[in-house]
Amino acid sequence: MERQRRFMSGKDEYQFQHQGAVELLVFNFLLILTILTIWLFKNHRFRFLHETGGAMVYGLIMGLILRYATAPTDIESGTVYDCGKLAFSPSTLLINITDQVYEYKYKREISQHNISPHQGNAILEKMTFDPEIFFNVLLPPIIFHAGYSLKKKHFFQNLGSILTYAFLGTAISYIVIGLIMYGFVKAMIYAGQLKNGDFHFTDCLFFGSLMSATDPVTVLAIFHELHVDPDLYTLLFGESVLNDAVAIVLTYSISIYSPKENPNVFDAAAFFQSVGNFLGIFAGSFAMGSAYAVVTALLTKFTKLCEFPMLETGLFFLLSWSAFLSAEAASLTGIVAVLFCGVTQAHYTYNNLSSDSKMRTKQLFEFMNFLAENVIFCYMGLALFTFQNHIFNVLFILGGFLAILVARACNIYPLSFFLNLGRKQKIPCNFQHMMMFSGLRGAIAFALAIRDTESQPKQMMFTTTLLIVFFTVWVFGGGTTPMLTWLQIRVGVDPDEDVKGEPSSHQEANGFDKSRTKAESAWLFRMWYGFDHKYLKPILTHSGPPLTTTLPEWCSPISRLLTSPQAYGEHPKEDDLECIVNQDELAMSYQEQASSPCSPPIRSGLDPDTSPQTPSKENIYEGDLGLGGYELKLEQTPGQSPLN
């Protein structure tokens, strides 16, 4: 008997390894098909189905094959045995079977409708990812790439509007979705589809928080390909990046909201505790990510790692990932930490890297973002058939679709109206309609929903989220190009020329007077940019004025220690600084010319007849802070040599 048990154990271990290889092989083939499809779409300029939608289609087909072409491995799987003595569900269950005691772990609650022999299908079990894989492996490179590749020129021009949509808009969305879904839950209870007490108001708010995470990756990819108006692109991209961070922290805060008595009754103490948790977690995650970026900037500045680009790139990658892991270990939110780590790395550390490392880091995170994003969308298609505990409730699904549309409208239109009251550069109606149309759901909402599927309400939320993601990616994403044409939104715009050039008649018709951007962006960032240019950039990078000219004389020992020797050599002229502020391209700025001691010497000043870099479709040398049209005037500091 013991020998037979050992043989079965070895056989199970071999079968487990075999199933793991099958799982990886399936995803490998799905990615190969996706890449070939992307090439086909780009070659034929096919924009009615984005690559993420194609990945979901392939995942659906593969999930359908796995679901119905594989047989259960255990004949006893799906059989339910009654345990009359158990009044609750223990986390660990010890079962005596023919004088042999076996240990079983609690996994999740299963609906009566989902009891079937497929519950024991080992292939389907292996195809169901551990939710932590999404948060610890797949999501960090996506979020970091969003921060590291942020187009800060237009981002900071519209920062006030972006913050309003990301914070206040997300709060409005989650409250509206929560209230509408609570009404539908009451209707389901009245119709006898739910028991009273199974679905609380806090569960509706939880669903509202995870569904408020927009992810218009399909729309943004088409915008980038068509070179849509940069202000519209920036409003959508900036909102989605910060909105993801807000939605993740908000979901965590709602999940720990615990009223002392009735979950359906408002508890002021628990509410303010959740608000405090939200602010504390967000601020702590922001500080954690920024701190790791500062450490990376100092290491790359004061060491000669630039002489070894491979080591420099490795250190950059590991410290950036450490920001995520440290935040998670400290019970903060790693997604928020890695987002702001990416923004700060692009602003400071990027200036210190060698030219090889700049190229490698840009391409590395772009590649990781591409793979992780397509794996997630492939898995979404698989999960519709391989996840074995779906709960399809028509009323709840219809409520979810109605709720996200109403919440998006309550977010975009009222906030745009109030923003336009204080903006000289108005947000036109066609931009608002396009932003309303672009409220897709994607990887973040899916990852938040799949992270907790233990109870039947959470399983119902996950199924509804999956269907909403399918619908928005396929329908709204596929309709992006016709919608741009119908709303008469201009395409084929060069962002740099658009900022430098005079406004066209079409721009004036939309209310976009680019010459007014200077006055609007200056008041937000005059103080920040002055502080950053005089103190932070010289401390963390090789650029900027020497600290010996900006700090008091009694700080001269520290100033000499922290100031890079390159900062004494060359100073940008006033027109150079105008180029830095306007263009936001490191390769065209003084910072790039004198950033790294390992870079070959480049003559100071910009030749007006020669561009330092040949324009291309994708400029990988991006990352400096840009303020649009804000004109920076240099002040003569005592002890500083006059500019040539």
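User: What does contact mean here?
Analyst: This is a predicted model. In it, two residues are in contact when their heavy atoms come within 4.5 Å.

User: Leaving aside neighbours within four places in sequence, which residues is F396 in contact with?
Analyst: Near neighbours in sequence are set aside for this list. F396 is then in contact with M181, V185, M188, F199, F207, M460, M461 and T464.

User: Is C378 buried or exposed?
Analyst: Buried means under 20% relative accessible area. C378 has 0% relative accessibility, so C378 counts as buried.

User: Is C429 buried or exposed?
Analyst: The cut-off for exposed is over 50% relative accessible area. C429 has 52% relative accessibility, so C429 counts as exposed.

User: How many disulfides does the structure hold?
Analyst: A disulfide needs a pair of cysteine sulfur atoms within 2.5 Å. The number of disulfides in the structure is zero.

User: Where is L371 found, and how far is L371 from L138 in space?
Analyst: L371 is found in helix α13, which covers residues 355-386. L371 has a relative accessible area of 26%, so L371 is partly exposed. In sequence, L371 and L138 are 233 residues apart. In space, their C-alpha to C-alpha distance is 8.7 Å.

User: How many of the residues of α17 are buried?
Analyst: Helix α17 runs over residues 456-478. From its first C-alpha to its last, α17 reaches 33 Å, close to the 33 Å expected. The helix is mostly covered. Its buried residues number 18 of 23.

User: How many helices and strands are in the protein chain, and what share of its residues is buried?
Analyst: The protein chain has 26 helices and two strands. Of its 644 residues, the buried share is 52%.

User: What is the average pLDDT of the protein chain, and where is pLDDT below 50?
Analyst: The protein chain averages a pLDDT of 75, and 70% of the residues score at least 70.

Notes: Residues numbered from 1 in each chain as written. Predicted model: local features only at pLDDT ≥ 70, side-chain atom pairs only at ≥ 80, totals over all residues. Heavy atoms only, no water. Helix = DSSP H or I, 4+ residues; strand = E, 2+ residues; numbered from the N terminus. Expected span 1.5 Å × (residues − 1). Buried < 20%, exposed > 50% of the residue type's maximum accessible area, 1.4 Å probe, protein only. pLDDT = per-residue confidence, 0-100.
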